[in-house]
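This report walks through a set of contacts and a sheet, one topic at a time. Please look over the sequence and the structure before reading on.

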Amino acid sequence: MEHFSGVGAAPGLALGRAVHWRKVRPRVEERPVEEPEQEIARLEQAVERTKEQIGRLRQATVERMGEAEAAIFDAHLAFLDDPAYVGEMKNRIRDQKKNAEAVCASVTDEMQAMLSSLPDEYMQARADDIRDVGDRLLLNLSGEEPFDPSLIEPGSVVVAEELAPSDTAQFPAGIAAMVTARGSRTAHAAIMARTLGIPAVLGLGRTIEQIQEGDLLIVDGEAGQVTLRPDPDTERKAREQIEEQEKRRIEAVKRAGEDAVTSDGQRIEVFANIGNLQDVEPALKNGAEGIGLFRTEFLYLESRDWPGEEEQYAAYRRVLEAFGKRPVIIRTLDIGGDKDLPYADFPEEENPFLGHRAIRFCLDRRDIFKTQLRALLRAGVHGNLWIMFPMVSSVSEVREAKALLAECREELKREGIPAAENISVGIMVEVPAAAAIADILAREVDFMSIGTNDLIQYTLAADRGNERVAHLYDAAHPAVLRLIRQTCDAARKAGIPVGMCGELAGDSRMTELLVGLGLSELSMSAGAIPEVKERVRSVDTSAARALADRALQEADPEGVRRLIQEG
């Protein structure tokens with residue numbers, strides 16, 4: 001019996017036999033061509049075959065998981081119609097006189113690198129999508145056949161180097177869990193696993209090579225643990241836990257639409273994080289009481305130029321109308337100079353995560369920022385709009401952004417265009433400097449929301465995407481918890497709400513501690529909402545505060561985790 005540690009990407013406990021996902025990798029050899037137009041014709045035929053395949057995958061996903069989950073394949077199809085992708089391939093075939101396979105691989109690699117280097121983790125994970133499309137296109141160019149997933153037996157644990165969205169969409173019914181060598185919580189495969197309720201542990205690295213076909217595995221998607229060849233007693237205990245887990249899950253889903261109120265009567269609002277319009281339906285279905293983070297970057301990444309005011313207005317309005325009187329917190333643009341958008345002119349930076357991004361970029365490019373602010377103000381008349389500025393580190397940034405917002409409102413008024421008057425304006429606390437002066441910032445805003453993904457890596461100086469230091473990236477570190485408490489205390493004294501919209505908010509194991517630290521709102525991926533709500537209902541706030549007080553005195557994350565387990 002051996003234990004492996006990875007990234008807990010989808011919660012739950014599962015037990016099953018290992019089946020390796022045997023994905024055919026396209027083989028690419030570069031060669032010159034004498035007739036570029038014939039090569040372009042080959043590419044066009046492969047594009048059409050790829051579209052047909054993705055269309056079938058989309059329909060199968062609609063039938064199994066719903067329209068919202070299937071929408072990822074709309075983005076895949078859009079890639080195949082994008083002049084910056086397939087159009088660029090055609091241009092290079094003509095100019096470089098190279099074969100379609102080599103050009104396809106090159107253009108795909110470049111687009112994947114661009115998406116991977118963007119500062120938002122959600123957007124980084126979209127690099128998997130372009131790789132998925134590129135691999136399928138290369139398979140069709142080469143004539144190779146993909147792996148047949150129908151051969152997988154129900155109750156199996158899928159083991160793979162990595163899994164693309166189209167791989168996960170092809171899982172037959174009854175898959176017990178999935179385990180990969182690479183991947184993150186925000187990868188689309190992980191998101192689909194959470195939607196399907198399939199426990200997932202990603203990022204096991206080379207240890208995955210020890211797993212043989214047919215090996216019995218216990219997969220703990222919460223702890224990020226995989227047990228290889230468990231002994232009989234461990235297997236028996238796991239089966240008992242799985243049975244109990246299923247009972248709790250059914251009960252949580254039944255009560256998802258109810259408020260989350262602690263055992264002693266404190267209301268905790270539970271919101272959803274969304275990254276596109278397709279995320280709205282599952283958020284409502286799972287009982288979201290509002291939107292705690294609407295990432296607007298998809299509008300910019302899916303566009304061929306800076307999206308205009310009308311396009312943005314329409315997107316924001318759809319979400320606001322869907323949620324009616326419930327709060328919708330829309331984060332302004334968080335994209336920066338780490339890598340060019342196809343239509344932008346960003347200079348390269350040595351350290352883009354600490355560079356010209358988010359509020360810094362927006363205050364520098366006021367033309368782009370004002371377009372977004374005007375669209376938001378116009379959409380705000382259709383719902384309960386809250387505007388949130390990301391990566392704030394100083395009071396001057398807040399005041400400057402608020403002044404621009406007021407300027408946009410006056411412009412709209414002069415033009416006779418309806419604009420929201422009474423909206424809440426807040427900031428993300430994701431830079432340690434913001435937490436350190438949270439008492440000052442709290443006097444400038446209507447709310448604050450803690451973005452733990454960046455706060456953790458900035459506080460601990462640990463890049464969450466660097467495997468060599470990933471073990472240092474730990475939400476349970478007392479330094480991180482102290483910054484959260486400091487921010488919550490500042491908000492309470494200022495009389496404003498404070499929430500959390502990082503991945504930590506959706507971890508039900510941490511719910512009691514987060515309530516004890518003083519958070520009044522938690523926002524997460526839609527699938528985590530029922531379980532977190534159920535966990536809130538079991539919390540006593542006095543005991544939660546006592547737990548938080550003890551945790552803040554611990555010397556290391558392990559001590560904090562022991563307290564949580566004991567509590």
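## Salt bridges between helices and loops

The side chains of R366 and E400 meet in a salt bridge, with 2.2 Å from N to O; the term stands for a side-chain nitrogen of Lys or Arg within 4 Å of a carboxyl oxygen of Asp or Glu. R366 lies in helix α15 and E400 in helix α16 (residues 395–414), so the pair ties together parts that are 34 residues apart in sequence. Helices and strands are here DSSP runs numbered from the N terminus, helices being H or I with at least four residues and strands E with at least two. R366 counts as partly exposed at 37% relative accessibility, and E400 counts as partly exposed at 29%. Buried means under 20% relative accessible area, exposed means over 50%, and partly exposed is in between, using a 1.4 Å probe and protein chains only.

This is a predicted model, in which local features need pLDDT of at least 70 and side-chain atom pairs count only at pLDDT 80 or more, while totals for chains, interfaces and linings use all residues. Residues are numbered from 1 along each chain as its sequence is written, and side-chain values use heavy atoms, with hydrogens and water left out.

## More charged pairs

Side chains of opposite charge can pair when their charged atoms come close. By the rule given above, the count comes to 52 salt bridges. One of them joins R399 and E444, whose closest N and O atoms are 2.8 Å apart. This pair links distant parts of the chain, with R399 in helix α16 and E444 in the loop between α18 (438–441) and β14, 45 residues apart. R399 counts as exposed, at 51% relative accessibility, whereas E444 counts as buried, at 17%.

A salt bridge also forms between E235 and R239, where the closest N and O atoms are 2.9 Å apart. These two residues are four apart in helix α10, and are therefore separated by about one helical turn. E235 is partly exposed with a relative accessible area of 21%, and R239 counts as partly exposed at 46% relative accessibility. Elsewhere, a network of salt bridges links E309, E310, K370, R374, R378, E407, E411 and E415.

## Aromatic rings

R378, a member of that network, also lies over the face of Y313, at 4.3 Å from the ring centre; a charge sits over a ring if NZ of Lys or CZ of Arg is within 6 Å of the ring centre and within 35 degrees of the ring normal. The structure holds eight aromatic pairs. The rings of W306 and F361 have their centres 6.1 Å apart and their planes at 25°, so this pair is stacked. Rings of Phe, Tyr and Trp (its six-membered ring) pair if their centres lie within 6.5 Å, and planes under 30 degrees apart count as stacked, over 60 as edge-to-face and the rest as tilted. W306 lies in the loop between α12 (297–301) and α13 (309–323) and F361 in helix α14 (residues 358–364), so the pair ties together parts that are 55 residues apart in sequence. W306 is partly exposed, with a relative accessible area of 23%, whereas F361 is buried, at 1%.

F369 and F389 form an edge-to-face pair, with 6.1 Å from centre to centre and 70° between the planes. F369 belongs to helix α15 (residues 366–379) and F389 to strand β12 (residues 384–389), so that distant parts of the chain, 20 residues apart, are linked. F369 is buried with a relative accessible area of 0%, and F389 also counts as buried at 0% relative accessibility. F294, F298 and Y316 form one aromatic cluster.

## The eight-stranded sheet

An open sheet of eight strands has the order β1-β8-β7-β3-β4-β5-β6-β2, with mixed pairing; two strands pair if DSSP finds at least two bridges between them. At the edges stand β1 (2–5) and β2 (7–10), each with a single partner strand, so one side of each is left without a neighbour in the sheet. β1 is joined to strand β8 (residues 225–228) by four bridges, and the two run antiparallel. The bridge partner of S5 in β8 is Q225.

## A buried serine

S449 is found in strand β14 (residues 447–450) and is buried, with a relative accessible area of 1%. Leaving aside its neighbours within four places in sequence, S449 is in contact (heavy atoms within 4.5 Å) with M388, I427, M428, V429, G499, M500 and C501.
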